[in-house]
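Hi there,

Here is the structure I promised to pass on. Have a look at it, and then read on for what I found.

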Amino acid sequence: MDAPSASELQANPAVRAAFEAAWADSLADDPVKRHEEGGYIYGNPDTAEIVIRRAAPGERRKINLSHPPLVPGYFLIATYHTHPNPLSLGWDPEPSEDDRYHANDSGIPWFVISELGVHVVGPERRAGGLSGNPGYPF
Amino acid sequence: MTSTAPPYVVSRQQAIAIAEADAVPVYGDLDGLTLEVSLADDGWHVDYWVREKRVAGGGPHYVIDARTGAIVSKKYYQ
């Protein structure tokens, strides 16, 4: 069974709410406290339900997405994280080359939320469908 | 007698120092980033990469003029 595509996930209200919550929690307007936030998106092959789990808060320029918690009956289908540092100070809000590399290496789409909106890098959907390792497919 | 100008006057270490002087006030520190430096036709390429598996993030990337030490271009990835 195929996993939902990145565009299907982006249209999901729960996913969009998670993006908005992560962005708000990133404190992008606070020059001292701004930091990356993010998490994991899971899909259930039987019910097509989507559940979301937050990762621990990141730092100014990175967040660790290497330990998705297992959710029984669900498969990891995407990650998301914020880029809160502003274009006005010279930061690039778009996905970094590292983001692109790690997304392609992980086998699932990675969403990046910034002041410019939502970008997605990596595959269009989870490689191998909703089967195999419930965490990252690779 | 003729003399040949050296191909560049900014050393690798000087290029790194120029990049760090710009990057540290922005990033706070460059801890945990992997440094790669190469000399190309357009200058020194000083690139800091996140090499931790499945850690989302980014580092600064520079092109520094090898004759003047001026920063030709820079990107602050996150």
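What percentage of the 78 residues in chain B is buried? Buried residues account for 29% of them, where buried takes 20 or more other C-beta atoms within 10 Å of a residue's own, with C-beta atoms placed from the backbone.

Before the rest, some housekeeping. This is a predicted model, in which local features need pLDDT of at least 70 and side-chain atom pairs count only at pLDDT 80 or more, while totals for chains, interfaces and linings use all residues. Residues are numbered from 1 along each chain as its sequence is written, and chains are lettered from A and ligands numbered from 1 in the order in which they are written.

Chain B has one helix and five strands, in the order α-β-β-β-β-β from the N terminus. Both are DSSP runs numbered from the N terminus: helices are H or I with at least four residues, strands E with at least two. The C-alpha trace of chain B spans about 60 × 25 × 20 Å along its principal axes.

Now the interface: 21 residues of chain A are in contact with 14 residues of chain B, contact being C-beta atoms, placed from the backbone, within 7 Å. On the chain A side, strand 3 (62–64), strand 4 (75–83) and helix 3 (97–106) each supply at least two residues, and helix 3 of chain A gives the largest share, five residues.

The two chains also pair: strand 3 of chain A runs antiparallel to strand 3 (residues 55–57) of chain B over three bridges, pairing requiring at least two DSSP bridges. There, Lys62(A) stands opposite Gly57(B).

Best wishes

How values were computed:
Buried ≥ 20, exposed ≤ 12 C-beta atoms within 10 Å, placed from the backbone. Contact = placed C-beta atoms within 7 Å.
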